[in-house]
Amino acid sequence: MNMMEHRLFADVGFSSLNKAGEELCGDKVHVTRTPDSAVVVLADGLGSGVKANILATLTSKIAGDMLRMGMDIEDVVDTLTETLPVCKVRGVAYSTFTIFQVFADGRAYLVEYDNPATFFFRQGKLEPLYYLERIVNGKLIKESRFRVTEEDTLVMISDGAVHAGVGQILNLGWQWKHIAEHLGKIVPETASTRAVARQLAEACEALYCSKPGDDTTAVAVRFRMASPVTLLVGPPNENELDGKVVREWFDSPGKKVVCGGTSATIVARELGLSLQVDWETVADPEVPPVGTMEGVDLVTEGVLTLRKVLEYLQAYRAGGGVERGKNGAARLARLLLREATEIHFIVGTAINPAHQNPNFPQDLNIKLRIVNDIIRCLREMDKPTSITLY
């Protein structure tokens, strides 16, 4: 098995509440990925609204990019303190932050500056994190270094969570230990990091009586083994490339998907495989049936199926659930959303005359536009996605 498949992947989900009456959130989450690490930054801008949003955005972007480039936390804090001013009235920095960096081999690094402490769950149970405190450029920084394993879950929050209910349902707000108890119930039972973050944010919203007194953000990070997926979509522009493209696709790590009847025929020919129709999926009126081929995880029709996949992904991104149908589009959407940690498209640029409108130039290929829309949607959901054209 390819060693790339033995890497840990950080699955990140987050959810935010805006302070009542504000159009923009003063908290910001920024995720930066490299081939061997992920950096997650939760920044909380002072106050609320536009100013807080801008300052939190600057903080998260600067911190994430600097750590990704291998700079030390001292350099990060120095840059932030020099870049962001200090409030003259309160005498505090304009943004607090929590930064988490995890490497593919499980090494993890956590740093907190004036944000609530992070929650760490192993096998569904809260585990203590051990911190070292030090002063960096006049700022008290808390650091923790530890190792994570598959299915561990980390939850970061902004201080809006611990303020939930102050002066309303709870006199002193939602204390850290009470949040930990609540997370102890939902973390073991919730498969999606997005759902963990959303449920925690919804609990805070209820305590605020639907009128949050502060920007509130929850970030959940769960670790699982890397599960790459490679999709072959359409034949290459030159017939001579058929063998090269098929072998590149078939030799890639992880699961393999082929989209398009012509593509499937080429794969079967080049690899000497038999292509069969899955008759259980023939009855679906909206999506053409799927095929089966030994060693290939999913074989679907091309443009119609991909267009439906895009609809499913857009619905999920807007807050909907994962499509549960048996058709090829539903199965592919579930694979991309639930299983894939990294997605690569190998797209052939041969023009299919049946998909072209004579009123448009050939470069406005429907297939390629749909694939690009799918890639954009996946990236907006923090799915590392790439494309190679042939």
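The following exercises, with worked solutions, concern selected elements of a predicted model.

Residues are numbered from 1 along each chain as its sequence is written. In this predicted model local features need pLDDT of at least 70 and side-chain atom pairs count only at pLDDT 80 or more, while totals for chains, interfaces and linings use all residues; side-chain values use heavy atoms, without hydrogens and water.

**Exercise 1. Determine how β12 is enclosed and which strands it pairs with.**

Step 1. Helices (H or I, at least four residues) and strands (E, at least two) are DSSP runs numbered from the N terminus. Buried means under 20% relative accessible area, exposed over 50%, and partly exposed in between, with a 1.4 Å probe and protein chains only.

Step 2. Six of the six residues of β12 are buried, so the strand is largely enclosed by the rest of the structure.

Step 3. In a regular strand the side chains alternate between the two faces of the sheet. In β12, one side carries Pro228, Thr230 and Leu232, and the other Val229, Leu231 and Val233.

Step 4. Strands pair if DSSP finds at least two bridges between them. β12 runs parallel to β17 (residues 342-347), with six bridges, and Thr230 has His344 as its bridge partner there. With β13 the pairing is also parallel, over five bridges, and Leu231 stands opposite Val257.

Step 5. β12, α6 and β13 form a right-handed β-α-β unit: with the strands pointing away from the viewer, the path from the first strand over the helix to the second runs clockwise.

**Exercise 2. Find what the buried residues of α7 pack against.**

Step 1. The buried residues of this helix (261-271) are Ser263, Ala264, Ile266, Val267 and Ala268.

Step 2. Their packing partners are β12 (228-233), α6 (242-250), β13 (255-259) and β16 (298-300), where contact means heavy atoms within 4.5 Å.
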